[in-house]
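Welcome! Take a look at the sequence and the model first, and then read on.

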Amino acid sequence: MNPFATVTTGPAAEGVSTLPVTLRLGPVSLTVTDLDRSVAWYQSALGLRVHRHDVDVAALGDGTEDVLVLHEDSTAQRPRRHSGLYHYALLFPTREELARAALRLAATRTPIQGASDHGTHEALYLADPDGNGIELAADRPRDQWPSPEEEFSGGGPRPLDFDALLASVAGEEPSPQVRPGLRMGHVHLHVADVPRGLAFYRDVIGFDVWALMPSAAFVAAGGYHHHLGFNTWRGEHIGPAPAAGVVGLRHWTIVLATVDEVAAVRERVRAARLASEDVAGGFAVTDPFGMTVRVVVTA
């Protein structure tokens with residue numbers, strides 16, 4: 001029996017305005033135990049450029065836009081059986097750039113944990129020195145995307161065709177840095193239960209459902225395959241993410257095009273009687289599992 005009960009994209013909930021097609025994700029903020037070590041690893045293994053590096057915080061990206069902000073806590077512990085980050089996905093602008101990332105990983109002898117072809121996108125999986133999960137991805141053209149039913153009908157993604165991927169940059173030497181265009185593609189979280197995740201991220205925040213299965217949901221805006229995934233693979237009814245003292249996610253970011261779009265999401269948050277706080281360009285709200293998302297306007 002196919003474990004994937006899929007739902008195609010559609011209205012988030014009756015009477016609720018969904019998020020705009022122009023939505024994109026901003027930087028993910030992480031706690032690491034050794035900032036200098038992490039910055040050096042992200043530069044070498046992933047080719048990220050350092051935008052700023054202070055005593056206990058650093059921002060990295062493609063030279064134009066932050067995708068990661070790293071915060072040092074030398075006493076932070078590894079995550080245990082609680083809600084938290086599963087992985088974040090760095091989205092390359094082209095398949096060739098993903099291939100160059102693969103060459104860079106090989107040249108630096110950086111181990112990977114897996115590689116998949118999801119139909120919608122191709123992906124490599126690995127972890128940073130603190131164990132934070134990372135996906136490196138490149139989307140296929142939208143007119144080539146399978147439907148959710150087609151994507152999951154075989155029970156999961158296909159193995160990545162490394163030969164075909166690397167053939168797209170045949171003859172090139174590994175490049176030390178990413179080219180412009182790298183962005184945050186999606187975030188995937190461990191949560192305590194899927195229905196509560198849908199009640200917050202679909203019915204309050206306003207994401208549409210791309211695909212739904214008993215143990216995971218994939219939601220997005222504008223018909224994208226997913227800006228957010230959340231699963232119960234660490235166990236159902238696990239505790240909330242600790243507020244501090246643990247390696248992993250501090251917050252992630254939704255970027256909208258206008259102040260009015262941010263205000264519309266905040267109004268839904270207020271209507272749901274959830275607390276929020278002001279941040280630069282918008283607001284922050286904590287989900288039912290103790291993880292914070294910021295909703296901000298494009299800088």
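A nonpolar core is a set of buried Ala, Val, Leu, Ile, Met, Phe, Trp, Tyr and Cys residues joined through side-chain atoms within 4.5 Å. Please keep in mind that this is a predicted model.

**Confidence**

- The protein chain has a mean pLDDT of 93, and 93% of its residues reach 70 or more.
- Residues 1-5 have a pLDDT below 50, and this stretch makes eleven contacts in the model beyond its near neighbours in sequence.

**Nonpolar cores**

- The largest nonpolar core holds 71 residues, and the members that touch the most others are Tyr42, Leu46, Leu136 and Trp252.
- Leaving aside residues up to four places away in sequence, the contacts of Trp252 include Leu25, Pro27 and Val28. Also among them are Val187, Leu189, Tyr201, Phe207 and Leu228, as well as Thr292, Val293 and Arg294.
- There is also a second, separate core of eleven residues, and Trp145, Ala216, Ala220 and Tyr224 are among its members.

**Aromatic pairs**

- Seven aromatic pairs turn up in a search of the whole structure.
- One of these is the edge-to-face pair of Trp41 and Tyr42, with 4.9 Å centre to centre and 90° between the planes. Trp41 and Tyr42 are both buried.
- Trp145 and Trp210 make another edge-to-face pair, at 6.3 Å centre to centre and 85° between the planes. Trp145 sits in the loop between strand 9 (133-139) and helix 3 (148-152), while Trp210 belongs to strand 12 (residues 208-213), so this pair ties together parts that are 65 residues apart in sequence. Both of these Trp residues, Trp145 and Trp210, are buried.
- Trp252, which you met in the largest core, also joins Phe200, Tyr201 and Phe230 in a cluster linked by ring pairs.

**A look at His82**

- You can find His82 in the loop between strand 5 (66-72) and strand 6 (84-92).
- Is His82 buried or exposed? Its relative accessible area is 11%, which is under 20%, so His82 counts as buried.
- Not counting residues up to four places away in sequence, His82 touches His190, Arg234, Ile238, Gly239, Pro240, Ala241, Pro242 and Val246.
- His82 and Val39 are 43 residues apart in sequence, and their C-alpha atoms are 26 Å apart in space.

Definitions and conventions:
Residues numbered from 1 in each chain as written. Predicted model: local features only at pLDDT ≥ 70, side-chain atom pairs only at ≥ 80, totals over all residues. Heavy atoms only, no water. pLDDT = per-residue confidence, 0-100. Contact = heavy atoms within 4.5 Å. Phe/Tyr/Trp six-rings, centres within 6.5 Å; stacked < 30°, edge-to-face > 60°. Buried < 20%, exposed > 50% of the residue type's maximum accessible area, 1.4 Å probe, protein only. Helix = DSSP H or I, 4+ residues; strand = E, 2+ residues; numbered from the N terminus.
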